[in-house]
Amino acid sequence: MWVAPESQSAGIGSQLVEAVVQWIIDGGTEQVRLWVVEDNLAPRRLYERAGFVETGFKQALPSNPSLSETMLH
């Protein structure tokens, strides 16, 4: 997910996360998981504010193995 910098303080990211999670739940899914690059603090805080927590699973970012990502649920 990416939100333009000029829209980041407008709550667009939070609204988008909320809408996607609701859409997934409405579709019958009981658990939502996502991956976030560990050093990418703004999105990580966004997901944590939405209620996501770390699972303990980590892996190299497939598109750039020099970065590490962690799974949240």
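## Helix α1 and what follows

Helix α1 covers residues 12-26, 15 residues in total. The expected span here is 1.5 Å times one less than the number of residues. Helices (H or I, at least four residues) and strands (E, at least two) are DSSP runs, numbered from the N terminus. Just after α1 comes Gly 28, with a positive phi of about 100°.

## About this model

The model is predicted: local features need pLDDT of at least 70 and side-chain atom pairs count only at pLDDT 80 or more, while totals for chains, interfaces and linings use all residues. Residues are numbered from 1 along each chain as its sequence is written, and side-chain values use heavy atoms, leaving out hydrogens and water.

## The sheet

Now look for the open sheet, where three strands follow the order β1-β3-β2 with antiparallel pairing. Its edge strands are β1 (34-37) and β2, each of which pairs on one side only. On average, neighbouring strands of this sheet are turned by 30° against each other, direction ignored. Two strands count as paired if DSSP finds at least two bridges between them.

Strands β2 (residues 54-61) and β3 (residues 64-72) pair in the antiparallel sense over five bridges. A hairpin through two residues joins β2 to β3. Leu 61 stands opposite Asn 64 in β3, and Ala 60 has Ser 68 in β3 as its bridge partner.

Leaving aside residues up to four places away in sequence, Leu 67 touches Val 37, Gln 59, Ala 60 and Leu 61. Contact means heavy atoms within 4.5 Å.

## Helix α2 over the strands

Helix α2 lies across β1, β2 and β3, and runs at about 145° to β1. Axes are lines fitted to C-alpha atoms, for helices over the stretch in contact, and angles run from 0 to 180 degrees between N-to-C directions.

Leu 41 belongs to helix α2 (residues 41-49). With 49% relative accessibility, Leu 41 counts as partly exposed. Leu 41 and Asn 64 are 23 residues apart in sequence, and their C-alpha atoms are 17 Å apart in space.

Technical notes:
Buried means under 20% relative accessible area, exposed over 50%, partly exposed in between (1.4 Å probe, protein chains only).
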